[in-house]
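Hi,

Here is the structure you were waiting for. My notes follow below it.

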Amino acid sequence: MTNTEAVSPQGLYPVDIITATCNCGHKIDHEFVGVERIYGFWMNLAQFLGVTPIPREVVFYCRKCGKEFASSMDRDICDYYSI
Ligand SMILES: [Zn+2]
């Protein structure tokens with residue numbers, strides 16, 4: 001892909017993540033839904049060294065009911081949440 005414009009994050013997600021909901025029915029783009037980034041050992045080290053770490057997994061959770069209802073280890077999605 002040569003398009004340098006920012007890609008909508010929605011385009012990244014597989015359909016099972018887009019359609020996933022928590023106990024209260026919130027989807028991943030809802031304001032109550034947060035993202036937890038899970039880093040491996042080497043990425044913790046990278047962060048320590050001042051390198052922007054890329055999570056090895058991202059988990060979507062609801063701040064209201066606390067349910068973790070979707071996660072992904074997709075490289076593109078992890079890259080997107082590396083900031
Ligand atoms: Zn919820």
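In the hairpin of strand 2 and strand 3, Gly66 has a positive phi near 80°. Five residues lie between the two strands. Helices (H or I, at least four residues) and strands (E, at least two) are DSSP runs, numbered from the N terminus.

Two notes on the source. This is a predicted model, where local features need pLDDT of at least 70, side-chain atom pairs count only at pLDDT 80 or more, and totals for chains, interfaces and linings use all residues. Residues are numbered from 1 along each chain as its sequence is written.

The sheet: it is open, with three strands in the order 1-2-3 and antiparallel pairing (strands pair if DSSP finds at least two bridges between them). Strand 1 (33-38) and strand 3 (68-72) are at the edges with a single partner strand each, so one side of each has no neighbour in the sheet. Twist averages 25° from one strand to the next (axes are lines fitted to C-alpha atoms, and angles run from 0 to 180 degrees between N-to-C directions).

Six bridges pair strand 1 with strand 2. Ile38 has Glu57 of strand 2 as its bridge partner. Four bridges join strand 2 to strand 3. Here Phe60 stands opposite Ala70 in strand 3.

Leaving aside neighbours within four places in sequence, Val33 is in contact (C-beta atoms, placed from the backbone, within 7 Å) with His26, Ile28, Phe60, Tyr61 and Cys62.

Best wishes

Methods: Two residues are in contact if their C-beta atoms, placed from the backbone, lie within 7 Å.
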